[in-house]
Amino acid sequence: MRATKAADLIPSGAIGALIGYFGCRLLYGSLPPLPTLAGLTLLVLAAVEAVLGYSLRSRIQGKSGKPVQALAAARAVALAKASSLLGAIMLGLWLGVLGYVLPESSRVSAAKQDVPSAVVGAACAAILIGAALWLEYCCRTPDDPYPDDRRSTT
């Protein structure tokens, strides 16, 4: 399994942005007002992943007395990969919404009220991406001090 790269996330975010923007263009008049704190669920997930990352990192590095089972680390990596993809899609979606409501906010009062919702959602999605990448990074094994498998005889 390879580490998640920006090239893995950018296409998903771009598709999310297109859906968000064109969805607003087509359906904005029939949508209810966006809840200001709608994006906070992503922030809660990011906090859980950040805490899990710190815990796993200390255990993998041997600073904690409890070792990490390989299956637990694999599950954490799968969660991190899924969450970074979700964060990229949601970031794109919220940026697409923001791209529509920001220019319209000078003319439409509903759009002006939806700008904070889009900003909060985009910020929380970006934080989720960061936390997911952190969790994935924390699940890496420490560097092998003997990469060519020769042991020191001292």
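1. The model is a predicted one, in which local features need pLDDT of at least 70 and side-chain atom pairs count only at pLDDT 80 or more, while totals for chains, interfaces and linings use all residues. Residues are numbered from 1 along each chain as its sequence is written, and side-chain values use heavy atoms, with hydrogens and water left out.

2. Searching the whole structure gives five aromatic pairs, where rings of Phe, Tyr and Trp (its six-membered ring) pair if their centres lie within 6.5 Å, and where planes under 30 degrees apart count as stacked, over 60 as edge-to-face and the rest as tilted. One of them joins Tyr-21 to Tyr-100 in an edge-to-face arrangement, at 6.2 Å centre to centre and with 70° between the planes. Because Tyr-21 belongs to helix α1 (residues 6-27) and Tyr-100 to helix α3 (residues 70-104), this pair ties together parts that are 79 residues apart in sequence; helices (H or I, at least four residues) and strands (E, at least two) are DSSP runs, numbered from the N terminus.

3. Tyr-100, at 15% relative accessibility, counts as buried. The ring of Tyr-100 also pairs with that of Tyr-28, and since the centres are 5.4 Å apart and the planes at 55°, this pair is tilted. Tyr-28 sits in the loop between α1 and α2 (40-60) and Tyr-100 in helix α3, so that the pair links distant parts of the chain, 72 residues apart. Both Tyr-28 and Tyr-100 are buried, and ring pairs link Tyr-21, Phe-22, Tyr-28 and Tyr-100 into a cluster.

4. For disulfides, meaning pairs of cysteine sulfur atoms within 2.5 Å, the search of the whole structure finds zero. Cys-24 is in no disulfide, and the nearest cysteine sulfur, that of Cys-124, is 18 Å away. Seen from Cys-124, the closest cysteine sulfur is in Cys-24, and the 18 Å between them is too far for a bond. Cys-24 counts as buried at 5% relative accessibility, and Cys-124 likewise counts as buried at 5%.

5. Ser-12 has its place in helix α1 and, with a relative accessibility of 17%, counts as buried. When its neighbours within four places in sequence are left aside, Ser-12 is in contact (heavy atoms within 4.5 Å) with Leu-85 and Ile-89.

Key. Buried < 20%, exposed > 50% of the residue type's maximum accessible area, 1.4 Å probe, protein only.
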